[in-house]
Structures are given as structure tokens and as C-alpha cells.
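Colleague: I've just opened this one and would like a quick tour. Let's start with how you name things.

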Amino acid sequence: MTLRVPKAELPAELREIMLKQLGVVPEPVEVQWNNPKLAEANQEFSAKVGSWDAADASLKTFAHMAVAAQVGCSWCLDINYFHALNQNLDLAKASQVPRWRQSEVFTPLERDVLEYAEAMTNTPPTVTDELYAGLLDRLGPAAMVELTVFIGFANLATRCNTAHGITSQGYSDACEIPLAGRPERSGVASTA
């Protein structure tokens, strides 16, 4: 897939910051810079989302990866494998998120979070009272609200990236483990 809108030229200072942080400028930033006000607001909100700490970082990273796998955003999967490496998360688990239902590496809580992320991503959403209540009981209100908004933000990012034609930039190449592919599905959206 190729980009559906051209990359915009970033201010030199921002470009240098991105190169120092990540080694390469993220294509979503370059695409969004076609509208600098939007790009700046998105960066500010993304930074705030990244600073939230009521919910466990690994649960949020795995949830974002589950959304990305379901939507088909290879860029989000790629960057989240990279984040998992840099946050010292369990890389064996991170590698299995796209096939979490078939994998045996996840705890019951992690499995419920992955199910919740997919249920929120389904159109229409398929979140059940039982799934929500079970997570709320184990996470508490502050973490549950944070996790829910985080998954909503992941849906925003994955869907925008996919619509713009943004794909993996190779961030996950730094990971030393093979990354699992999502199992084949029919053309019908998942409701499970």
C-alpha cells in the first residue's frame, strides 16, 4: 500500500527531535503535518495519553496491539512492538498479541483486556456487561476508564493510519523474536 496523501515537510527542530527519539520520522506525523494545527493537537494529546498511569502499561500496549491487529494497522503493530521492547515488557507476549486466542502465554486478565479491546473495536461494539464488570472489578474505576479511553485512542490512530495508507516503518526490526501473524479470518467482521 502507498500513502494516499503526500508527506508534509516538518519544521527542522521537530524533525531532529523525532530522529533522536526514534531514528526515523514517523510517517503519521509527516502525513498529519499537512494540517499543522491538527498535528500539534494530536501530538499533545498523544503525549498526555502516554503519561497516564492508572492502568498497567503492558495491558495498554497489548490492547493497542489487539486493536491494530484487528483493524489491520501494520504501523501501529510495528511501533508497539518497539515500545514493548523499550518499556521492558514481555516480548514473547507482545509477539503473540495478533494470535492471542491461540496462544497460551497470556494471563486471564490479559486475555480479558485483549477481548475487551477487540469488542470495543468491532462495529458495532460488542462489549458485554459481564466482560466490563469483570475488568472493572479487577482494575478499579480509574484504570478501567483509562483503559477504555486508551483503546478508543488506539482505534482513532489505527483507523486514521490505515485510511491514509500508512504501513510499517520497520521499528520492530529491533526486536529479537519473531512476530506472530494474525490467524486467517473470513471477510466477515469478528463479533467474538
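Modeller: Helices are DSSP runs of H or I with at least four residues, strands are runs of E with at least two, and both are numbered from the N terminus. The model is predicted, so local features need pLDDT of at least 70 and side-chain atom pairs pLDDT 80 or more, while totals for chains, interfaces and linings use all residues. Residues count from 1 along each chain as its sequence is written, and side-chain values use heavy atoms, without hydrogens or water.

Colleague: Fine. Where is Ser103 found?

Modeller: Ser103 sits in the loop between H6 and H7.

Colleague: Is Ser103 buried or exposed?

Modeller: Ser103 is buried, because its relative accessible area is 6% (buried is under 20%, exposed over 50%, partly exposed in between, with a 1.4 Å probe and protein chains only).

Colleague: And which residues does Ser103 touch?

Modeller: Leaving out residues up to four places away in sequence, Ser103 touches Gln96 and Arg111; contact means heavy atoms within 4.5 Å.

Colleague: Switching topic: which residues in the largest nonpolar core touch the most other members?

Modeller: Phe62, Met65, Trp75, Val97, Leu114, Tyr116 and Ile151 do, out of 38 residues in that core. A nonpolar core joins buried Ala, Val, Leu, Ile, Met, Phe, Trp, Tyr and Cys residues through side-chain atoms within 4.5 Å. At least two of its residues come from each of H4, H5, helix H7 (108–121), helix H8 (129–139) and H9. H4 gives the largest share, eight residues.

Colleague: What else forms a core?

Modeller: Apart from that one lies another core, of eight residues, including Leu14, Met18, Val25 and Val29.

Colleague: Back to Trp75, then. What is Trp75 in contact with?

Modeller: Setting aside neighbours within four places in sequence, Trp75 contacts Pro26, Glu27, Pro28, Asn161, Ile166, Thr167, Ser168, Gln169 and Tyr171.

Colleague: How many residues of H4 are buried?

Modeller: H4 is mostly covered, with 13 of its 15 residues buried.

Colleague: And how far apart are the end C-alpha atoms of H4?

Modeller: They are 21 Å apart, which agrees with the 21 Å that 15 residues should span at 1.5 Å a residue. The expected span is 1.5 Å times one less than the number of residues.

Colleague: What follows H4?

Modeller: Gly72 does, and its phi is positive, near 95°. Val71 still lies in helix H4. Val71 counts as partly exposed because its relative accessible area is 23%.

Colleague: Which residues does Val71 touch?

Modeller: Not counting residues up to four places away in sequence, Val71 touches Thr121, Asn155, Thr158, Arg159 and Thr162. Val71 is also 13 Å from His164 in space, C-alpha to C-alpha, with the two 93 residues apart in sequence.

Colleague: Which peptide bond is cis?

Modeller: The one from Thr123 to Pro124 is cis, with omega near -5°. Pro124 belongs to the loop between H7 and H8.

Colleague: Great, thanks!
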